[in-house]
Amino acid sequence: MAKKVILGGKVENIMYGVDFDDTLNFVDRSVKYSPNKNLVSFLKGKDFVIVTARGETPSNIIYLDEFCKEYGLSPIKTYFTNGDLKGDLLKRLKVSVFIDDNFEQLRSCEDSGISQCIHPKDFHNTKTAKKKDPKKGTGKKPKGSGRRLYTDENPKDTCKVSFT
């Protein structure tokens with residue numbers, strides 16, 4: 001299981017869970033697979049399980065296995081809930097972060113005490129969100145910012161100038 005060291009030296013285990021349809025793989029009937037490239041890239045090298053509401057049929061098992069091989073993913077295991085809510089299973093698996101496009105499944109996840117239940121759109125936004133301007137100058141212009149605070153500049157010591 002992946003470990004994350006947080007402040008104070010405390011070690012916390014992180015287990016990711018991810019839905020398949022319209023989360024890890026977008027449903028597009030015109031192609032065999034339509035992967036969520038950001039999520040696939042994020043999951044490589046991480047401990048995760050796939051938890052799908054699909055039925056556990058031989059064709060579904062083969063389809064998900066082939067998808068993982070095609071995109072270099074190595075889930076610990078794939079679970080099929082056959083349409084049932086996923087929250088209780090995620091809790092038993094000790095998943096701490098779950099990503100799913102279905103709001104009913106996310107609610108079930110939250111009700112089961114999973115610490116982070118994320119919609120794929122929100123997952124993408126947290127990875128690409130612009131950083132805020134610094135409170136105190138760094139000498140560097142933040143990416144995406146139109147202003148610059150220098151290392152010796154404190155915004156509280158500045159005043160706005162207007163020309164008439």
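This is a predicted model: local features need pLDDT of at least 70, side-chain atom pairs count only at pLDDT 80 or more; totals for chains, interfaces and linings use all residues.

Trainee: Why is Ser112 called buried?

Mentor: Buried means under 20% relative accessible area, exposed means over 50%, and partly exposed is in between, with a 1.4 Å probe and protein chains only. Ser112 has 12%, so it is buried. It sits in the loop between α4 (103-111) and β7 (116-118). Leaving aside neighbours within four places in sequence, Ser112 is in contact (heavy atoms within 4.5 Å) with Gly87, Asp88 and Lys91. For the chain as a whole, 36% of the 164 residues count as buried.

Trainee: How do you know that the buried residues of α4 share a side?

Mentor: The buried residues of α4 are Gln105, Leu106, Ser108 and Cys109. They cover an arc of only 160° around the axis, so they lie on the same side of α4. That arc is taken over the directions from the helix axis to the C-beta atoms. The face of α4 turned away from the buried side carries the exposed residues Phe103 and Asp111. Among the elements covering the buried residues are α3 (87-92), β6 (97-99) and β7.

Trainee: How do you know that Cys109 and Cys117 form a disulfide, and what makes it left-handed?

Mentor: A disulfide is a pair of cysteine sulfur atoms within 2.5 Å, and the sulfurs of Cys109 and Cys117 are 2.3 Å apart. The count by this rule is one disulfide. The torsion about its S-S bond is about -80°, so the disulfide of Cys109 and Cys117 is left-handed. Both cysteines are buried.

Trainee: Why is the pair of Phe20 and Tyr63 called edge-to-face?

Mentor: Rings of Phe, Tyr and Trp (its six-membered ring) pair if their centres lie within 6.5 Å; planes under 30 degrees apart count as stacked, over 60 as edge-to-face and the rest as tilted. The structure holds seven such aromatic pairs. Phe20 and Tyr63 have ring centres 5.9 Å apart and planes at 85°, so their pair is edge-to-face. This pair links distant parts of the chain, 43 residues apart: Phe20 is in the loop between β3 (16-18) and α1 (37-43), and Tyr63 is in α2 (58-70).

Trainee: And what makes the pair of Tyr33 and Tyr63 tilted?

Mentor: Their centres are 5.2 Å apart and their planes at 40°, so the pair of Tyr33 and Tyr63 is tilted. Tyr33 and Tyr63 are both buried, and Phe20 is buried too, at 0%. Phe20, Tyr33, Tyr63, Phe67 and Tyr71 form one aromatic cluster.

Trainee: Why does Pro75 count as partly exposed?

Mentor: Its relative accessibility is 22%, so Pro75 is partly exposed. Pro75 lies in the loop between α2 and β5 (78-80). Not counting residues up to four places away in sequence, Pro75 touches Phe48, Ile50 and Cys68. Cys68 has 6%, so it is buried.

Trainee: What makes the phi of Lys94 worth a look?

Mentor: Most residues other than glycine have a negative phi. Lys94, in the loop between α3 and β6, has a positive phi near 60°. Lys94 has a relative accessible area of 64%, so it is exposed. Asn82 also has a positive phi, near 55°, and is found in the loop between β5 and α3.

Definitions and conventions. Residues are numbered from 1 along each chain as its sequence is written. Side-chain values use heavy atoms; hydrogens and water are left out. Helices (H or I, at least four residues) and strands (E, at least two) are DSSP runs, numbered from the N terminus.
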